[in-house]
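Here is a short note for a colleague who is opening this structure for the first time. Please keep the sequence and the view at hand while reading the points.

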Amino acid sequence: YCCVTMSFSITKWVCPPPEISNEPDDLSNKVEWFRCLPFIIIHLLAFSAFFHPVTFYCFALAVVSYSLRMFTITAFYHRYFSHRSFKTGRVVQFAGAFVACSSGQRGPLWWAAHHRRHHRHSDTDKDIHSPHAKGVFWSHTLWFMTDYAVPTLLKEIPDWLKFPELRFINRFDWIPVLALGLGCYLLGTLEWFQSFTGLDGLSTFIWGFLVPTVFLYHATFAVNSISHIFGKKRFDTGDESRNNPLVALFTFGEGWHNNHHFFPGSARQGFFKGEIDITYYILKLLSFLGLVSDLRPVPSWVKDKAQS
């Protein structure tokens, strides 16, 4: 499960990140600390939550913002764009990409390309995301601050290049982030919203954007770092991917990481009874509504390969 990078940096406002077709191995793995600034700033601003009154509506807003974006990351960025584990129409496809992109985890093509490469080289010398290469902190945060993490690797995603709207949102991935942040603030300036929740524009920005975005970062990061160190290996995958129930809970099912690495094509990652997979349950609901279709199941032979 590919860790993520920041959706915007100062330079990207005038120059979108490049798209390359060649192998990225020649790019430097040196951390570019300037790229860390937006990430650090968002974390520092999130601490402002401790200087404002905290109410039920603060938590409710944060949970809604977190849940909606976590679902679109796991369902669309991961299971759909990276692994094509279900089908959907072009409108829903773009809507899922836009909402997921508002999490500050780069564009859908970037995400899918780096994730596919991660699967192909999982926990080897070519897997820059692995905690077994340069440590947990590197895997959790630092790798996406390198030159390697800047471009979109087009050779990994030829199936998605025909959609101009995806190419657009991928190159200008700061637009959904800005839209969400500004939208949260403006929502808090509406009289009816203030009367109902008691939140103003700044409080709505903090709890609707800043706080849940920070939690989204580290929950997503944990799949790649923690779930390659702690947990149970139900399948022999040839790497260190593990099933971690706690990570699965916060990431709506992505913590069943060893399951996923053994059979990544399934729309469901909780293969067995008791393995809660919230994203899959929501996808089933959307399939009943006709918004998605052809959810790829877990074949019986896969379950037969499981170790007790």
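The points below take up aromatic pairs and then salt bridges.

1. The coordinates come from a predicted model, and the remarks that follow should be read with that in mind. A salt-bridge search over the whole structure returns eleven of them, and the structure also holds 27 aromatic pairs.

2. One of the aromatic pairs is made by F39 and F221, whose ring centres lie 6.2 Å apart with the planes at 40°, so the pair counts as tilted. Because F39 belongs to helix 1 (residues 36-46) and F221 to helix 10 (residues 201-225), the pair ties together parts that stand 182 residues apart in sequence. Both F39 and F221 are buried.

3. Another pair joins Y80 and W160, with ring centres 5.2 Å apart and planes at 50°, so this pair is tilted. Y80 sits in helix 2 (residues 56-82), while W160 sits in the loop between strand 3 (152-153) and helix 7 (164-171), so the contact ties together parts 80 residues apart in sequence. Y80 is buried at a relative accessible area of 4%, and W160 is buried at 0%.

4. What surrounds this pair deserves a look as well. Y80 and W160 belong to one aromatic cluster together with F71, F76, F81, F86 and F163.

5. Turning to charged side chains, R90 and E165 meet in a salt bridge with an N to O distance of 2.6 Å. This pair links distant parts of the chain, since R90 is in helix 3 (residues 90-101) and E165 in helix 7, 75 residues apart.

6. E275 and R234 form a salt bridge at 2.9 Å, N to O. E275 lies in the loop between helix 12 (257-262) and helix 13 (278-288), and R234 in the loop between helix 10 and helix 11 (245-250), so the pair ties together parts 41 residues apart in sequence. E275 is buried, with a relative accessible area of 6%, and R234 is buried, with 17%.

7. The salt bridge between K233 and E240 has an N to O distance of 3.7 Å. K233 is partly exposed at 30% relative accessibility, and E240 is partly exposed at 25%. Finally, a network of salt bridges links R79, E254 and D277.

Note on methods: Residues numbered from 1 in each chain as written. Predicted model: local features only at pLDDT ≥ 70, side-chain atom pairs only at ≥ 80, totals over all residues. Heavy atoms only, no water. Phe/Tyr/Trp six-rings, centres within 6.5 Å; stacked < 30°, edge-to-face > 60°. Helix = DSSP H or I, 4+ residues; strand = E, 2+ residues; numbered from the N terminus. Buried < 20%, exposed > 50% of the residue type's maximum accessible area, 1.4 Å probe, protein only. Salt bridge = Lys/Arg side-chain N within 4 Å of Asp/Glu carboxyl O.
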